[in-house]
Amino acid sequence: MKKTHSISSILHSIKSSQGYRGQIVHIHTIPPRKPVFADPLEPISHHLSEALSHIGIERLYLHQARAIDLVREGRNITIVTSTASGKTLCYNVPVLESMLKDSASTALYIFPTKALAQDQLRMIGDLCSISSDLERVVKAGTYDGDTPRQTRRRLRSEANLTLTNSDMLHQAILPYHSRWSRFFTKLKYVVIDEMHTYRGIFGSNVANVIRRLKRILGHYGSKPTFILCSATIANPDELAQALIGEECELISEDGSPHGPKIFILWNPPFIDSNRMERRSSNVEAHELMVTLIESGIQTITFTKARVVAELILRYVREALSRRNPHLVDRVRAYRAGYLPEERRQIERALFSGELLGVTSTNALELGIDVGSLDASIIVGFPGTIASTWQQAGRAGRKMGESLVIFIAYNDPIDQYLMRNPDYLLGKTPENAVIDPSNPYILAGHLSCAAFELPLSSADECHFGELLWPVVSVLEEVERVKTIEGKTYWATTDFPAAEVNLRTISDDTFTIVDATSNEKVIGVVDAISAPELVYPEGIYIHNGETYLVRDLDFSGKVAYVERKEVDYYTQPILDSSIRIKAEKKSGMLRGFRKFYGEAIVTWKTTAFKKIQFYRLDSIGYGSANLPSQHLETTSLWLYPDEDVVTYLREMGKNAVEGLVGLKNVLINIFPLFVMCDRQDVGGIVEASNTGRSTIFLYDRFKGGLGFCEKAYSLLPKLLEGALQIIEQCECSEGCPSCVGLPMLRPPQHQDPDPGYGYPIPNKETALLMLRKVMRNA
């Protein structure tokens with residue numbers, strides 16, 4: 001289906017329509033950018049050049065040519081350019097060139113997900129199929145959890161290009177490196193794509209996996225060139241160096257073209273005279289998506305939760321069935337939980353243009369090649385400026401016009417952005433922070449390293465000055481044993497199985513349609529299952545409603561049955577924190593501070609039914625499900641009574657000040673404790689101490705030392721918090737100071753029926769901190 005209208009004319013039509021009520025609050029136009037071409041110092045090999053020409057690539061962009069030159073010189077590089085700027089050619093060209101010269105040379109591609117590896121394998125296969133020389137030389141394959149055993153053996157013995165993910169490298173490749181001796185001996189390139197995803201706990205773990213890889217490569221006598229690719233973040237060169245432990249040349253001058261982009265901030269209209277309630281953001285999104293699809297505008301709609309992607313898909317299909325039935329099957333949803341083959345089929349259909357629209361969670365935010373789309377609708381603030389631009393970057397075809405519409409929820413943060421568009425459109429993307437030297441993380445990886453090869457003084461260059469102090473701790477608990485200067489693994493355990501790179505659960509539940517010969521229709525991780533497939537709740541898959549009959553925890557199966565209803569359900573969660581053991585305590589001016597062990601608990605206690613297209617609850621149901629627990633470490637603090645009395649005399653509520661302070665502390669944790677904001681949780685409650693208390697906790701089983709370090713640095717954190725609030729230019733509070741963090745265990749709720757959590761009063765937090773820190 002071809003475009004029937006330009007984006008400009010569609011916008012004019014929307015603003016002239018009967019349903020338009022001034023929803024557009026800001027329009028930002030990004031001017032077009034012409035391509036900047038360049039040639040490498042040495043021409044690309046004839047066979048490869050012909051293959052590229054066959055797929056329409058006659059010349060290289062500036063950043064591509066620069067990357068190829070540096071890689072040919074053996075320099076490590078980090079490429080940070082816009083979405084769809086052709087970053088993959090920056091590594092595919094030198095890698096394939098080297099294989100044409102020496103078919104025995106090998107390359108390792110590392111992706112954060114299996115889907116990205118499969119996508120890149122398809123692209124390499126398409127390129128090689130054009131050239132008989134490439135097809136003859138390149139032996140590529142994905143090595144992941146879905147790879148059959150016999151294929152794995154063939155890849156180890158024959159492949160020269162292996163595409164994998166960090167989890168497989170950690171658990172299935174490095175521990176068995178002797179099986180990979182041929183591959184590692186000739187390894188010339190290591191590619192790390194989507195580098196910006198390696199942040200916080202996950203990034204710190206992956207950095208240690210890379211150190212283990214380099215150590216093993218040294219054992220086999222190879223020293224490869226590293227090629228890293230990233231979306232826009234504030235500190236790409238710093239992150240790259242921390243990940244691989246070596247310097248990298250930064251390439252950020254983008255030579256790719258893009259057409260004009262219109263970025264619209266869209267605020268649903270009020271629907272009550274008191275101007276408190278707004279029209280459903282999901283309904284606004286589906287109406288806009290239908291308008292764009294009917295005009296031939298290929299559109300992606302990003303959502304904050306799986307249920308929202310399904311809801312908007314359903315709404316869009318129902319509207320199209322009434323107006324343009326032939327378009328109904330040209331819209332799909334895309335999210336975690338779909339079976340791998342179903343996701344691959346959706347990706348192919350979107351890339352080919354068979355699909356005109358897709359509703360997606362952030363699963364399509366990463367660089368899976370689905371082609372360049374015409375429009376991107378972002379429903380609700382994704383949580384970071386970087387993610388916002390990643391999602392916006394999915395729209396834009398070469399020099400064609402593109403559209404981004406950010407639709408706000410009736411939520412304090414989204415409404416702040418509607419009032420302050422420069423915060424969203426002009427602010428620098430966030431830093432990505434990792435700490436490979438975190439002793440808790442290092443201990444796990446040194447165990448893995450000792451299992452792989454004995455540790456020695458030569459490994460200080462990989463693991464730093466904490467190597468031997470951590471080894472001493474491992475010796476005390478009899479995990480390792482040192483003999484004549486070499487440290488060996490001393491148990492029959494498999495240490496890689498005990499180190500989870502991510503904070504999410506490895507366990508999954510299968511979702512089975514009990515009315516269709518127990519057909520498997522999807523999967524869900526164990527932590528999310530009680531929030532998505534609770535008995536008597538509604539599970540939505542491909543826009544269709546299923547009633548959940550049973551959630552079998554022992555068999556890890558959710559049984560659902562197809563049932564057409566006119567509502568969906570939202571889980572009602574109860575979360576709490578309990579002090580398990582106090583280990584440290586002290587006074588800090590007007591605060592009492594503590595550190596110790598704590599247990600964070602959350603469970604689905606009930607659910608509410610919400611009618612489609614409306615925000616009203618039409619009923620409730622109970623849920624008798626087991627609690628989920630996180631045993632971790634925590635820092636907690638509360639103000640002295642005289643501080644509380646002072647705030648009361650000033651007409652302020654101390655709890656509001658504590659909530660604001662908690663948010664600021666989480667925001668500035670990465671500045672002092674070397675972690676990502678998502679690695680720390682927080683809550684203000686009174687049941688443990690008898691008074692309103694800020695609890696901060698490590699969002700990782702057993703803790704990773706973040707809160708312990710923060711306890712010792714608390715004076716600096718509080719002073720930093722005070723400076724952040726004082727220097728913020730807002731008047732009442734905003735996401736940059738006392739707003740934003742609501743970092744609890746994973747949630748899968750539709751934000752539309754709720755109003756979010758209000759931004760705490762800035763003045764209350766200021767008065768409290770000034771009283772404590774400056775006795776003002």
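These legends describe close-up views of a predicted model. Local features need pLDDT of at least 70, side-chain atom pairs count only at pLDDT 80 or more, and totals for chains, interfaces and linings use all residues. Residues are numbered from 1 along each chain as its sequence is written, and side-chain values use heavy atoms, leaving out hydrogens and water.

**View 1. Arg-212 in helix α10.** Helix α10 covers residues 200-219; helices are DSSP runs of H or I, at least four residues, numbered from the N terminus. Arg-212 counts as buried because its relative accessibility is 0%. Buried means under 20% relative accessible area (1.4 Å probe, protein chains only).

**View 2. The surroundings of Arg-212.** The side chains of Arg-212 and His-445 make a polar contact of 3.0 Å. Such a contact is a pair of N or O atoms within 3.5 Å; within protein, one must be able to donate a hydrogen and the other to accept it, and residues adjacent in sequence count only if both atoms are side-chain atoms. Leaving aside residues up to four places away in sequence, Arg-212 also touches residues including His-170, Leu-174 and Phe-463 (heavy atoms within 4.5 Å).

**View 3. Helix α12, residues 281-294.** Of its 14 residues, 12 are buried. Among them are Val-283, Leu-288 and Ile-293.

Methods. Helix = DSSP H or I, 4+ residues; strand = E, 2+ residues; numbered from the N terminus. Buried < 20%, exposed > 50% of the residue type's maximum accessible area, 1.4 Å probe, protein only. Expected span 1.5 Å × (residues − 1).
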